[in-house]
Amino acid sequence: MRNVQIKHAGVLLSLVFSTIIFIFRIWYIRDTNVLAIRNDEYGYWTHAALFAGHDWSDVFAGHMNWYSYGYSLVLTPLFWFTHNLHLMYKAAVIGNGLFGVASYCLCVRCSRILFPKTEQWLTLTISFMVCMYSSYLTQGPIAWSETFLYLLVWLLFYLYLRFEQHPDVNGALLLSCCVGACYITHNRTIGIVTAFILTVLLLRLSDAIDWKLFAALLLPLIIILFANVRIKTWLCVIEGFGLKPKNGLGAQKDHLLSLLTLQGWQNLLQALSGQMWALFTSTFGLLFWGVIHCAAQLLHAFRSKKPKRHTTFYLFTLLACAGTFLVSAISLIDPAAITNLNADTDLTYFIYTRYNECLIGIFLLLGFRELAFCKKDRRFVLLFACEICFYAAVSGVLSLNLQRITDTWHYRAFCAAGIGFYRLFSDTFAMRWCILIAAAGALALGLLLTCYRKRLFRLHVAAACLLLTAIFIPTGLYSAKIGTINSQRGKVSSGNLAMFDLLGDVVGSRDVYCTLDDTKNYRIAYELQVNLIDTHVYSIPLEDLPTEEDGYFICCSSGDLDHLEGDDYYLLAQSKYYAVVIKGDALMEELAPKVEQKLVNLNALE
């Protein structure tokens, strides 16, 4: 009877936590109507549109770089049900909420495998805290690959642990395919792929797996990697991106070659220090304890000269962490913004953590367990001292660089959301606030997890989880607001959406030409195409308009209206910065009865 009650209580607690996770992932759903991040979101939606039969290459070809298509496969079904971008975007955000709940379920399963003796309610509570990490919440309102990638990485960890328990061909195939899915969702997971391949090679060399399992672990991944090259080439060609160096290894090769110089190594140290500082700060030191937990398990296995339970999992986790950190840092070591620091250098180059946070969940789980359940002895004191010294070192490296930057507002909150709590106290980046808040949070955790009576231990652990969650929620939501939601509201207030809606009502099968008032101002063309899904939009300079033809629409800058010479141009709609013009008397006469406003000839405008 008691076991049944405990089981029912666990189910109820899981439902409560899952509901909270879902709600906070979609917290801003009423405000999420449009794409917010310039290239990333457009890249994913462009692939999805192509998979659904819509060719947007005439808009995106001239400006877009490569973006992986894994998340696009998730977005594609939305095109089958509606072509209303607002509904599609909200559906994608709801999908993020479901991905968050699924991630929580996988986190719970991983925790049960790693720590089977922990009470159910405590496992559920710790996993809940992990899945409420601030950056997870910040990515919720954005329809891009991050939240889906977090789910895939949790699935990868779970499948790896299951394979350790029951090494069979089916488990190996699923695990290999999951690694491939991570890579085609975001190519920055190449560090995870490399760690997986190295771990599998080690298992074979140590005779831990036979040749059959070795092949099952690697062959699907190799097939996916080769197929990805072909698919990537096809997409780049058909969508007009072109096989630019930035779309492949060309740019990274240049970054790697920069390591042959002293400046390159200095840039690498700066990038790594900034990322470590940001993640140590945002997790209140739990990242450190997670790494220590993995390293301690491996060291214990090495000393005993006998593999322990989950030894290869901890090795894979550490290698994946190191590889992902290096990939993220290498991508930032060569830009002029780091090499030639100046007043308005983008801070994000130093504290860019978005690529690394796909792995942060497992280190939060392991780190909290290590801090809460390890013996508070000399080893604990020594490790705590090492943590302070390491944090001081990376803080010093970052501080030396930031002293040369005075214009500290330039910061993308959605790329380093974990340290967003400083925004609650300062309008500009304030490193001291981050350090003070992180130190206070770490101290509170230490007191909760060390100063207790044994019979109250579980309550102290739960209180520590709730404390972290209480910090993560406002931090994540505030970073989402300043990094994403305000951008979306700005688009709505500019009047562009109303202009697009009006154009969508009358455009039919006719073409729309979006002109550029300068070569960098192409965002309006992106917005136009995604709002007019079935319309063929061309992105061209003003002087390339087919002036000898008529029967089409022009979307241009309001300042370009004076440059449209001729008697058959009529103003259809206008927002704060842009205008929609009808080209052709016949088209004007056809549309005049269908619109409420009077269609004014441009020559009649003052």
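For the salt bridges I take a side-chain nitrogen of Lys or Arg within 4 Å of a carboxyl oxygen of Asp or Glu. I keep in mind that this is a predicted model. Counting by that rule, I get 7 salt bridges.

Entry one: Asp40 and Arg354. I find them paired, with the closest N and O atoms 3.6 Å apart. Asp40 sits in helix H2 (residues 38-51) and Arg354 in the loop between helix H17 (348-351) and helix H18 (360-373), so this pair ties together parts that are 314 residues apart in sequence. I checked burial too: Asp40 is buried at 14% relative accessibility, and Arg354 is buried at 4%.

Entry two: Arg204 and Asp207. Their salt bridge has its closest N and O atoms 3.1 Å apart. Here I note a buried Arg204 at 13% and an exposed Asp207 at 59%.

Lys594 is exposed, with a relative accessible area of 57%, while Glu590 comes out partly exposed at 35%. I also looked for shared partners: Asp40, Glu146 and Arg354 are joined into one network of salt bridges.

I located Val153 in helix H8 (residues 146-165). Its relative accessibility is 1%, and because buried means under 20%, I log Val153 as buried. Which residues is Val153 in contact with, leaving aside neighbours within four places in sequence? I get Cys182, Ile192, Cys358 and Leu359. For Cys182, 29 residues from Val153 along the chain, I noted a C-alpha separation of 6.9 Å.

Key:
Residues are numbered from 1 along each chain as its sequence is written. This is a predicted model: local features need pLDDT of at least 70, side-chain atom pairs count only at pLDDT 80 or more; totals for chains, interfaces and linings use all residues. Side-chain values use heavy atoms; hydrogens and water are left out. Helices (H or I, at least four residues) and strands (E, at least two) are DSSP runs, numbered from the N terminus. Buried means under 20% relative accessible area, exposed over 50%, partly exposed in between (1.4 Å probe, protein chains only). Contact means heavy atoms within 4.5 Å.
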